[in-house]
Amino acid sequence: MPNLKLSNVGKKMNHLTGVREIMKDIAATLRSDPSKKWLNLSPGNPIVLPEVLEMWRTYANELVNSSEFGPVIGRYGMTQGFDPFIEAVVGAYNKHYTWGISRDNVLITPGSQSLYFLCANLFGGERDDGKGMQKILLPMCPEYTGYDGVVLDKDILVSVRPHIEILGAHEFKYQVDFSRIHVDESIGAIMLSRPTNPTGNCITDDEFKKLHAIAKQWDIPLIVDAAYSPPFPDLAFVPMTPFFDEHILHCVSLSKAGLPGERVGIAIGHPKYIEALEPFQSNVGIHSSRFGQALAAKALSSGRLAEISSSVIKPFYRKKLEMFRNALHERMPKDFPWYLHREEGTLFAWMWIDHPKMNDLEMYQKLKEQGLICVPGSSFFPGLHEEWEHKQQCLRFSMTATDEEISAAAEALSVVCKKL
Ligand SMILES: Cc1ncc(COP(=O)(O)O)c(C=O)c1O
């Protein structure tokens, strides 16, 4: 590391923690032997599905050949977003959920990750009333590891252990443990992903309503990361009913619906939140890519995006998850204590190995020796500082692999688990 005069924030942003360190190791592993055929079940990148690509290609061709193209790429725009896209968002959500929102409820951001950066630092950090650090509560972990990187101080995130419900011989589910949730004046916002990366958990409408009641009681936002939620990419496999209210800030992403490279995120919430986020975004990055927004406007206003999400994207990943589960049931050693989280959404399978010798980092290395790359689970407990053996007992597998790779991954896992 060169001898830079870094600030504390600079140091925090440069510190390779958890998943970033693993991702660096994965990249080095793949480079180390390019001729080797790795079973790489680590990526968070969605698959480029032919039907989805074709939809975006059609809209891109339309856009490039229209008179809109020049001003779309050749001019700066409003920080709030590209007008036709804002209108399309309002139209789509009013149609799907009859939320009755208007353009004042919408802000477009460069991907949803940047929206979490804005939210985390709008509602979390040092206060000027001498009351110390205002925190962001993650009501249940495991949780999206990307939240760790958006806070400027390591003490801002506080997370809560879940209740574990065993559902069958090899299936379990996390539930919000409300007995462990303590909100007071120091909490500036509650944040969660629904469905959740990495576990595929989708908190129930009941759990969601209880969290909403807490947010309302303390007059703080409930920030909902809808990166996998309906209406797009619609990677929720259980019924969920998103609703709109003064204290809910929905954070939507187009990435898992085939547009991660264009960086388009959407905040939908009360104007008081939108108005607070907008100047912050203007300072950080002015606005999101207008090309991406213009494409998304077409896909949303035609209804095609929601349609292709539920008819193509959702069944694709559901089938892969089912295949992985079946392959594990066939191959894993009998009476071995492995559990998959119930498949409730996202493109990931989350495995818990309830064995005294299980250590996720060691397991990651042993699986690599078998040619299988996954992500160790301990990276996914941002804000949970207490010791808990479960943190070292889980692994995340991405369902972006081919059918053959998924089957071979189950075989590699069974080989390593037999030795354990
Ligand atoms: C739960 C969750 N939230 C947010 C993001 C970031 O998405 P975006 O591409 O919109 O920045 C991801 C990306 O994988 C994610 O899994």
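Strand β13 (residues 348-353) pairs with strand β16 (residues 394-398) in the antiparallel sense, over five bridges. Strands and helices here are DSSP runs, numbered from the N terminus: E of at least two residues for strands, H or I of at least four for helices. Two strands count as paired if DSSP finds at least two bridges between them. W352 stands opposite C394 in β16. The model is predicted, so local features need pLDDT of at least 70 and side-chain atom pairs count only at pLDDT 80 or more, while totals for chains, interfaces and linings use all residues. Residues are numbered from 1 along each chain as its sequence is written, and side-chain values use heavy atoms, with hydrogens and water left out.

Strands β13 and β16 belong to an open sheet of six strands. The order is β6-β7-β12-β13-β16-β15, and the pairing is mixed. The edge strands are β6 (163-168) and β15 (375-376). Each of them pairs on one side only.

The ligand sits in the largest pocket. A pocket is found on a 1 Å grid over the protein atoms alone: it is an open set of points, reached by a 1.4 Å probe, with protein on both sides within 12 Å along at least five of seven lines. A molecule sits in a pocket if more than half of its atoms lie within 2 Å of the grid points. The ligand is surrounded by 14 residues, counted when a heavy atom lies within 4 Å. The closest are D225, Y228, S253, S255 and R263. Helix α6 (residues 111-123) gives the largest share of this shell, four residues. By class, the shell has four nonpolar, seven polar and three charged residues. Ala, Val, Leu, Ile, Met, Phe, Trp, Tyr, Cys and Pro count as nonpolar; Asp, Glu, Lys and Arg count as charged; the others, Gly among them, count as polar.

For S255, an N or O atom lies 2.5 Å from an oxygen atom of the ligand. The distance is 2.7 Å for Y228 and 2.9 Å for K256. The protein covers 92% of the 400 Å² of accessible area that the ligand has on its own (Shrake-Rupley method, 1.4 Å probe).

Backbone geometry was also examined. The peptide bond from P230 to P231 is cis, with omega near 0°. The bond from F232 to P233 is cis, with omega near 5°. P231 lies in the loop between β9 (222-225) and β10 (248-253), and P233 is in the loop between β9 and β10.

Key
Polar contact = N/O pair within 3.5 Å; in protein donor to acceptor, adjacent residues only side chain to side chain. 1 Å grid on protein atoms, 1.4 Å probe; cavity = no way out; pocket = protein on both sides within 12 Å on 5 of 7 lines; lining within 4 Å.
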